[in-house]
Amino acid sequence: MTRGISRYTKWIATGALAACVAAAAPAAAATAPAVSCTSAMAGLADKLKRDITSALANRSGTIAVGLYDRTTKTTCTLRSSTAYDSASVVKVTVLATLLWDAKKHNRYLTSTENTLAKAMITKSDNDATSKLWRQLGLTKIKGFLTAAGMTQTKPGANNYWGLTQITVTDEQKLLKLVTAKNTVLSDNSRAYILKLMGQVISSQRWGTPYGAGSGISWHVKNGWLQRSTHGWRVHSVGTFTGGGHDYMITVLTHGNSTMNYGITTIQGVSKVIHRDLAAS
């Protein structure tokens, strides 16, 4: 009887172990998502995929990347639908909502709104952002997101605009709206957004503009926020024209040990993108 119990116990243990191994196998086999690129220009997609992958090879944290170049019909994505706390990157959406709503009511921005908008974008002023966010309210913000097709963006609750959930897909949609004629934003609105993104103070010009050639015109908005989970969120969105190209880059990151670590990650990716497009 003892031998029978031993055999039974051994069978249970072995079976349980096998079940655990079987259950663990898929997780062990899971791999990080790969960079995906397509292009109308021969060889460019493969080069970008290889170089972006290489730039991220030894970087920790969770990194999402979006590139779109109108000129060569080139698109690259990594974790395009992964959600991140927006931090200050959402300020471009706030400004776009303000202008979209003003257009609906056939009015210009007031002098106060202009002052707040400039401080919000060029200096990343949080108080200015909070005032505009409260003025607009969630109904108008959600209305703009719907009009812009930004279905993956979820506004932060209780006026916590920095906790708005954003994705590469939606940030790229916004940048496309800002940089080409459309029915959502007027030409004057688009020009105003780009003007302010081109006047960001020098200490905030890091991120996606890094490595852009001297002949490239850039417009940028960055975001950074530290929380108890996922460490530092560090993001950068930018639009670029010149050198025969018209393109936009979004890089979203969290799980960074420091703000500077996230900046270095973003700039490593941006540098190879600018280089590869310049050579194409």
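Buried means under 20% relative accessible area, exposed over 50%, and partly exposed in between (1.4 Å probe, protein chains only). The model shown is predicted: local features need pLDDT of at least 70, side-chain atom pairs count only at pLDDT 80 or more, and totals for chains, interfaces and linings use all residues. Residues are numbered from 1 along each chain as its sequence is written, and side-chain values use heavy atoms, with hydrogens and water left out.

**View A. The protein chain has 8 helices and 8 strands.** Helices (H or I, at least four residues) and strands (E, at least two) are DSSP runs, numbered from the N terminus. The protein chain contains 280 residues, of which 46% are buried. Contact means heavy atoms within 4.5 Å. Taking contacts between residues at least 6 apart in sequence, 66% join residues at least 24 apart.

**View B. Helix α8 covers residues 259-278.** The expected span of a helix is 1.5 Å times one less than its number of residues. The buried residues of α8 include Gly262, Ile263, Thr265, Ile266 and Gln267. Further along the helix, Val269, Ser270, Val272, Ile273, His274, Asp276 and Leu277 are also among the buried residues. The cover over the buried residues of α8 includes helix α2 (44-56) and the strands β2, β7 and β8 (245-256).

**View C. Helix α5 bends by about 90 degrees at Gly137.** The bend at a residue is the angle between axes fitted to the seven residues ending there and the seven starting there. Helix α5 runs over residues 126-148, and a straight helix of its 23 residues would span 33 Å. The end C-alpha atoms of α5 span only 24 Å. Buried residues of α5 include Ala128, Thr129, Ser130, Leu132, Trp133 and Leu136; Ile141, Phe144, Leu145 and Ala148 are buried too. The buried residues of α5 pack against α3, α4 (111-122) and α6 (168-179).

**View D. Pro155 lies in the loop between α5 and β5 (165-166).** Setting aside neighbours within four places in sequence, Pro155 is in contact with Trp133, Leu138, Ile141, Lys142, Leu145 and Thr164. Pro155 and Val90 are 65 residues apart in sequence, yet their C-alpha atoms are 9.0 Å apart in space.

**View E. Gln172 is part of helix α6.** The relative accessible area of Gln172 is 7%, so this residue counts as buried. Not counting residues up to four places away in sequence, Gln172 touches Gly66, Leu67 and Tyr68, and also Met248, Ile249 and Thr250.

**View F. Lys73 sits in the loop between β2 (62-69) and β3 (74-78).** Most residues other than glycine have a negative phi. The phi of Lys73 is near 50 degrees, a positive value. Lys73 counts as exposed, because its relative accessibility is 57%.

**View G. His230 belongs to the loop between β6 (217-226) and β7 (232-242).** Although not a glycine, His230 has a positive phi of about 60 degrees. At 47% relative accessibility, His230 is partly exposed.
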